[in-house]
Amino acid sequence: MNEKTKSMITEARDMAQNRGIMASINYHRENSHLMRIGNNSVSLNTSEELTRIDIEVIQGRKKGTHTHLGEIDSVDELFNTILKVSEKAGKSAEMDFEPVLTVIEANVETEAQYDEALDNLNPSVKEQVYSAIFKNVGEDYNYSGSWSSGSTETFSVTTANKNSAWHRLTDQQFMCVLKHPEKMWELASWQTGTKAGDVTAEVTINEFKSILPTYENREGFGVEPGNYKVVLGSQAIGELIGMTVWIGCAGRMWEMKMGWTADKNIGDNILHPSVTVLDDPTSDQIFSEPLSDSGMLTRTQTMIDKGRFAGLLYDRNTASKYGKKATPNAGCLVMRPGDGPSDFLEAVRDIDRVLYIPAIHYMNMPNMSKGIFTGSSRFSAVLVEKGKIVSPIFSSRITDQFENIFGNVLAISSETVSVNTSNTYGRRAPSAVSVPTWMLIDDVKITDCADSF
Amino acid sequence: MSIFNDLKEAVTRNIGRVMNAGAQYSDARWYEDDSSEMLMLLDGNLEGNDTTVESGLGVRVLYGGAWGFAAISQTADIDTCFDRAMANAISASKLVKVKLDMGKKPGHTGSYTSPFKIDPIDVSLSDKVDFLKSVDDSLTEDWILRRMIRVQMQRMIIHFWSSEGTYTQKKLINTFAHMTAMALDKDKQMQRRSKTLYCETEGTRGWEMLTNPALWSGHADRVKTELKEVLTAPELEYGKRSVILLPGQGHLQVHETIGHPLELDRILGYELSYAGGSFVNLDSFGKLKYGSDKLTASAYGSITNSPGSFGFDAEGTPERDYLLIDKGILVNCLTSRAMISEANQRAGREVFTESGGASRSTAFYRAPIDRMTNVNILPGDDGTLEDIISTTEDGIIVDNPTSWSIGSNREHFHFGCEIAWEVKNGRITRVLRNPSYQGHTVEFYNNLTAVGDESTWVVEQVENCGKGEPNQVMELGHGLPVVKFDNVISGERK
Ligand SMILES: [Zn+2]
């Protein structure tokens with residue numbers, strides 16, 4: 001963003017301050033690019049350059065918010081929009097608690113995770129990486145995938161003080177799916193990063209080449225419903241721990257008695273002692289977030305400490321509503337590693353039968369109070385006997401509880417990996433979790449299995 | 001209208017420019033106005049009071065058999081936007097195995113406006129809040145722990161130009177609403193019962209739809225009564241039985257296991273890296289026994305009042321009413337122009353004759369993909385809900401999803417629901433708690449044994465269907481009657 005836009009926003013903030021309006025103004029600019037692959041071709045190649053301005057106005061126990069995506073070019077236009085939101089807040093209904101304005105704790109200017117080369121990555125780089133994968137792994141397979149990259153720049157001010165926060169970062173999320181055109185099984189490879197060069201063809205080529213012989217030479221295995229020892233891979237752990245913590249450790253969910261921890265208290269032992277989960281903005285495996293929604297400088301917080309319920313995360317409005325203190329949330333979920341070997345096959349070599357499920361497709365929650373989730377295996381899932389991969393497994397459904405999955409832990413990898421959890425609904429908002437590369441769990445409920453992959 | 005004229009001039013000039021530079025096809029969508037408003041009362045507090053205004057331009061260029069897309073919110077840079085779309089298409093064309101082709105169509109012009117009486121965006125905030133507060137009041141009881149009222153309103157004015165000379169203009173109005181009441185049951189589990197605003201097939205979809213008590217607000221008492229029954233009800237035991245889906249649940253069943261597997265881009269493998277594939281392939285059309293003879297499903301369905309009715313799709317194709325499944329046999333799917341061209345090319349025969357008008361995008365900054373319009377099950381001849389209950393020996397009736405999880409090729413599924421009524425020997429015996437059911441799609445639809453008549457038919461609205469990369473949320477409709485399936489695994493294995 002240019003200095004002119006910055007000064008337009010701060011000037012509008014000052015005008016609002018002078019009028020006694022309680023407002024926050026958040027500028028969000030994204031430069032997004034996405035290459036989509038389908039049937040060994042680039043099926044879509046997109047660029048979006050979008051600027052949004054979010055305005056929130058609070059009047060006593062009333063509030064209003066507005067987002068403008070389009071052209072705002074002058075201080076007067078921006079200030080008029082603030083006035084409109086202020087009018088809207090005035091016509092809103094009183095709440096039984098006072099909404100809180102974001103108070104930016106200190107001036108922030110950070111672009112530690114910004115890389116100009118990634119921001120301006122030529123789409124031909126992506127096309128070349130995919131081409132190299134197709135050529136090296138074999139052009140007879142069907143490939144699809146997507147590769148999103150770009151930059152997000154935010155600038156925030158509020159009328160609470162004269163501070164401002166500017167943050168710019170780049171991120172990329174790469175995925176490639178290999179499907180056998182007749183046998184129909186699918187393998188997947190994921191990569192993530194903040195700099196150009198973080199994604200390479202070699203990583204995916206090696207991943208595919210290492211698992212392909214098992215798939216090529218063995219028939220699919222139908223898993224009878226029942227309880228199994230299961231090794232979850234990082235994608236599955238990332239999604240599961242996110243859901244477990246969001247439902248169980250968000251102050252709002254706990255106060256509303258919505259989630260699986262509703263009848264638990266801080267200090268209770270709720271998961272296996274090997275499970276520790278933090279909100280950690282200092283991890284180098286997540287995308288940085290300098291400020292919490294309440295404007296605090298983000299700091300490391302512990303939600304689950306060696307299986308013990310250690311803390312809840314409060315956003316500013318939940319804190320106000322329930323008379324609690326807002327916490328400096330970064331939304332940077334980190335699950336600590338264990339002491340298992342880096343290769344999960346080594347960890348399961350004395351076990352007769354284990355299912356390896358690297359990712360869970362379409363997870364949902366039939367019962368939040370009991371922490372019941374359901375989802376099915378998809379990419380690269382295999383049956384393992386005595387530490388040897390035996391065969392790929394057909395699409396199998398897990399329906400179980402968070403307390404079992406993170407309670408019946410037998411071993412956790414000593415290595416962690418960054419799992420990119422960003423989506424591209426709405427605005428660009430990179431997010432990632434840091435999780436162990438695998439986790440071995442006892443007594444996981446498999447409740448259904450298809451006769452296909 | 002000078003903004004419009006300036007924009008039109010710049011867009012048509014740029015379309016000409018990229019066509020002269022070798023593009024096969026190009027189109028542009030200008031969202032003059034994309035306004036939405038969300039209001040949410042949580043336990044009586046207006047915690048959501050949010051408006052969004054978006055406007056901008058999205059441009060597609062097809063070059064060398066590959067798509068390039070670019071979007072800008074600053075319409076001063078229209079030339080740059082076309083340059084980017086063209087550059088993206090050129091770079092994409094370097095890695096193309098099957099060249100995409102739109103087929104040839106003559107240009108046309110047209111306009112469409114959703115049927116509405118009162119533009120919901122224009123209603124004053126105080127009137128909106130007063131109405132929602134009154135609905136919230138009717139949901140309030142001492143024993144109810146959580147109440148949520150959520151309303152989403154949309155107004156879009158969209159202009160479309162293509163290199164074939166097509167120009168269409170649309171004004172779309174949508175109104176969505178949900179009410180949910182929650183309370184803790186005898187085991188301290190949070191239970192919920194909800195009601196979503198539905199449509200009359202030929203009604204109007206402005207503010208007046210929301211305030212029609214028959215379609216939404218008048219259901220508050222029933223929501224409360226049924227929630228109270230759930231709180232003390234026994235759990236549904238695991239077992240095989242008949243499952244009767246009320247439209248509040250049936251629409252999601254249709255959405256996930258007829259709608260999504262019948263999107264042609266998905267069938268062709270263009271969604272594999274995100275949403276997944278489909279168990280349907282090009283050989284399935286005209287052959288696959290998708291369901292029993294009682295299953296007839298349509299696309300669009302000439303429903304005038306639905307979020308899935310929009311006059312012209314994002315390629316300017318007029319909406320079209322046609323069958324997807326005819327008496328159990330799969331006959332067609334949800335299609336756009338480039339996808340049917342590729343499908344026919346791949347199959348070496350004409351599987352599809354014309355676009356189904358299902359090319360849609362969520363906003364100016366997303367490229368259109370194949371989406372559901374209205375995907376419907378047509379009414380049958382098995383009478384009313386009571387008639388269907390009377391012929392059921394051992395079953396449950398279920399309503400409203402709490403959870404949905406579907407296999408990546410849509411070949412299997414698991415649904416959790418808010419409430420079940422047990423049916424034994426032709427009558428309802430009691431309410432059951434925490435119902436769920438699962439199945440394998442083709443086997444399930446072949447066990448469709450009863451389809452209700454017109455009296456059981458409603459059009460349910462879906463406002464948040466997710467698909468595509470970059471991701472896109474889409475709104476659509478499902479018209480359907482009460483339906484019954486036999487031999488369904490329901491409840492959870494202990
Ligand atoms: Zn959907």
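Q: Which strands form the open sheet of four strands in chain B, and in what order?
A: In this predicted model, the order is β11-β10-β9-β14 of chain B, and the pairing is antiparallel. Strands are DSSP runs of E with at least two residues, and helices are runs of H or I with at least four, both numbered from the N terminus. Two strands pair if DSSP finds at least two bridges between them.

Q: Which strands stand at the edges?
A: Those are β11 (329-330) and β14 (375-377) of chain B; each has a single partner strand, so one side of each is left without a neighbour in the sheet.

Q: And how many bridges join β9 to β10 in chain B?
A: Three bridges join β9 (residues 297-299) to β10 (residues 322-326), and the two strands run antiparallel. Within this pair, A297(B) stands opposite I325(B).

Q: What about the whole of chain B: how many helices and strands?
A: Chain B has ten helices and 22 strands. Its radius of gyration, taken over C-alpha atoms, is 24 Å, close to the 23 Å that the globule rule gives for 494 residues, so chain B is as compact as a globular protein of that length. The globule rule is 2.2 Å times the number of residues to the power 0.38.

Q: Changing topic, how many residues of chain B are in contact with chain A?
A: There are 87 residues of chain B in contact with 87 residues of chain A, where contact means heavy atoms within 4.5 Å. The area buried between the two chains is about 7,100 Å², with 47% given by carbon and sulfur atoms. Buried area is the accessible area (1.4 Å probe) that two parts lose on being put together, summed over both.

Q: What does E47(B) form a salt bridge with?
A: Its partner is R252(A), with the closest N and O atoms 3.0 Å apart. A salt bridge is a side-chain nitrogen of Lys or Arg within 4 Å of a carboxyl oxygen of Asp or Glu. The rule finds eight salt bridges across this interface.

Q: Which strand of chain B gives the most to that side?
A: Strand β2 (residues 45-63) of chain B does, with ten residues.

Q: How does β2(B) pair with β3 of chain A?
A: β3 (residues 62-69) of chain A and β2(B) pair in the parallel sense over five bridges. There, T67(A) stands opposite T52(B).

Q: Where do the numbers and values come from?
A: Residues are numbered from 1 along each chain as its sequence is written, and chains are lettered from A and ligands numbered from 1 in the order in which they are written. Local features need pLDDT of at least 70, side-chain atom pairs count only at pLDDT 80 or more, and totals for chains, interfaces and linings use all residues, while side-chain values use heavy atoms, with hydrogens and water left out.
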